[in-house]
Amino acid sequence: MNETTCIRHIDFLIAADAAGHHYLRDADLAFADGAITFVGRHYDGPVTTEVDGRHMMVMPGMVNIHCHPSSTFELKGIRDELSSPKMFGTVLFEYTGVVSMDDEYRVAGLQASLAELLKSGCTTVVDFEFPFDGWLDTLADSGIRAYAGATFQSASFRTSNGHETRYDWDEESGRQQFRQAIAAVDAAERHESGRLKGMICPGQADSVTEELIRETVAAAADRNMPVQVHAGQSIVEFAEMMRRHGKSPVQWLNDLGFLRPGSILAHCLFTDDNPRLFWPEKRDIGILAETGATIAHCPVVQARAGRVLHSFSSHRKRGVNIGVGIDANPLNMVDEVRNVAQMGCVADGYRGDATVADAFSAATLGGAKALQRDDLGRIAVGARADLVLVDLTHPLMQPRRDPLRTLVFSALERPIRHVYVDGRQVVRDGEVTAFDHGAAAAKMNAGQEQVLARVAQRHWSGGSGDQVFPRALATRQ
């Protein structure tokens, strides 16, 4: 007989049916062998372990469909407020490659990042990353459910003066990286943990050849595997794709067969209907809806750069699936959901359609749909037991009349007490169980010092780390 855990007398349970999420009061939830076996008023079956659900909200683990946890920690306090004003505000071309830690720090950075994600209620993550030693094992050891999004590119981009974009093409290197990515996603699928999956991820629409996009589509179809690419993330990219092809990034990818259910476009702010572009055609949103592709919406990093998706609510009304990702610090899924709702209202110009319910749905059901998984992002019989337990006695949860709204707008991740992935507890009393979060995070200080020491050799200006990445406040002796 499988061991069964039952959480009894849950104060607020966020359950799901065909209509979406809803609250259940004084409910029981049982799970065994990693799957939910009962959701309802009273469970009277066999129980191995009982958990007291009184004064708790139990919600589904959130699905983060775009993230760079292996390389995010090194940027904390460095790139948060940077902009390249002569390149339409994007930091990609001026700073990509300037900040890059050595491999000796990457496992610690990944551990610290995954700890933050788990403690914020994220139970599934897509790690969009170049493969490195220890990558898959660290993802598995954390206990999180992970999609290893192995990436590659045919060109690196840079600027030599702060206003002109250059692409350095090396197609043979791109093909070698593609082979490495395929090997990594196949290894993820075979991993003994059973919680790892693969995802093939061309780096950016403007930095990968047409041939490798087509080969990505074919390789993913052979493996029944999702795909993802950065697209529509800057005005520079949109203009470059128009210069090359006379097409938007969305249209170019669609013509190559990339867009389909199970394909994800990271960011996708600059489609042809973005008001900042003043573009005469308005085709992209219809293409996304018709093909079943998903936008990975990352509102925090975009809001920090003065940009917003136009708009979360209108895209959804037109049939575009939207999931939620975390592109940069903070690695806090509740904060990202809050900003989906808040920045959605900013884009619409009023408080209305961009609700917490819709934002939470995007971070759960929308992400699950993007991954073509009907067993994630929901609490229902047959779904995986990926669960988040929120302490309703926490001071920040008072009053607790509407706990999801209070969590998102007021308390954020702080009342999250326990997290389960596949029925296995990965956060206990607010701390991850797999490794020492504090020790992993502390190690990144040395890694960041290493990065800053070589900025002068990597940035076009020749400036030092403190000059290129000034602190928020001046330092006086």
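Asp 33 is found in the loop between strand 2 and strand 3, the latter spanning 35–40, where helices (H or I, at least four residues) and strands (E, at least two) are DSSP runs numbered from the N terminus. What I am showing is a predicted model, in which local features need pLDDT of at least 70 and side-chain atom pairs count only at pLDDT 80 or more, while totals for chains, interfaces and linings use all residues. Residues are numbered from 1 along each chain as its sequence is written, and side-chain values use heavy atoms, with hydrogens and water left out.

Asp 33 counts as exposed, at 61% relative accessibility; here buried means under 20% relative accessible area, exposed means over 50%, and partly exposed is in between, with a 1.4 Å probe and protein chains only. Phe 278, which lies in the loop between strand 13 (263–267) and helix 9 (284–291), also has a positive phi without being a glycine, of about 50 degrees. Is Phe 278 buried or exposed? At 73% relative accessibility, Phe 278 counts as exposed.

As background, most residues other than glycine have a negative phi, and most peptide bonds are trans. In this model the peptide bond from Asn 329 to Pro 330 is cis, with omega near 0 degrees, and Pro 330 has its place in the loop between strand 15 (321–326) and helix 12. The peptide bond from Gln 398 to Pro 399 is cis as well, with omega near -15 degrees, and Pro 399 is found in the loop between strand 16 (387–391) and helix 14.

If we leave aside neighbours within four places in sequence, Leu 288 is in contact with residues including Val 250, Leu 259, Cys 268 and Val 320, contact meaning heavy atoms within 4.5 Å.

Cys 268 itself is buried, at 1% relative accessibility.

His 315, in helix 11 (residues 312–317), is buried with a relative accessible area of 1%. Not counting residues up to four places away in sequence, His 315 touches several residues, including Asp 273, Ile 285, Ile 295 and His 310.

Helix 4, residues 135–142, is mostly covered, with 6 of its 8 residues buried, among them Trp 135 and Leu 139. Gly 143, which follows helix 4, has a positive phi, near 90 degrees.

On a 1 Å grid over the protein atoms alone, a cavity is a set of points where a 1.4 Å probe fits but cannot get out, a pocket is an open set with protein on both sides within 12 Å along at least five of seven lines, and lining residues have an atom within 4 Å of a point. Grid points are joined across faces, edges and corners, and a volume is the space filled by probe spheres set on the points.

The largest pocket holds about 1200 Å³ of space. It is lined by 42 residues, and those closest to its centre are Ser 71, Leu 75, Arg 79, Leu 92 and Thr 96.

The second largest pocket has a volume of about 450 Å³, and among the residues closest to its centre are Thr 355, Asp 358 and Arg 405. Which element gives the most to the lining of the second largest pocket? Helix 13 does, with 6 residues.

The structure also holds 1 cavity of 30 Å³ or more, and the largest cavity has about 40 Å³ of space. Its lining includes Leu 269, Arg 276 and His 310.
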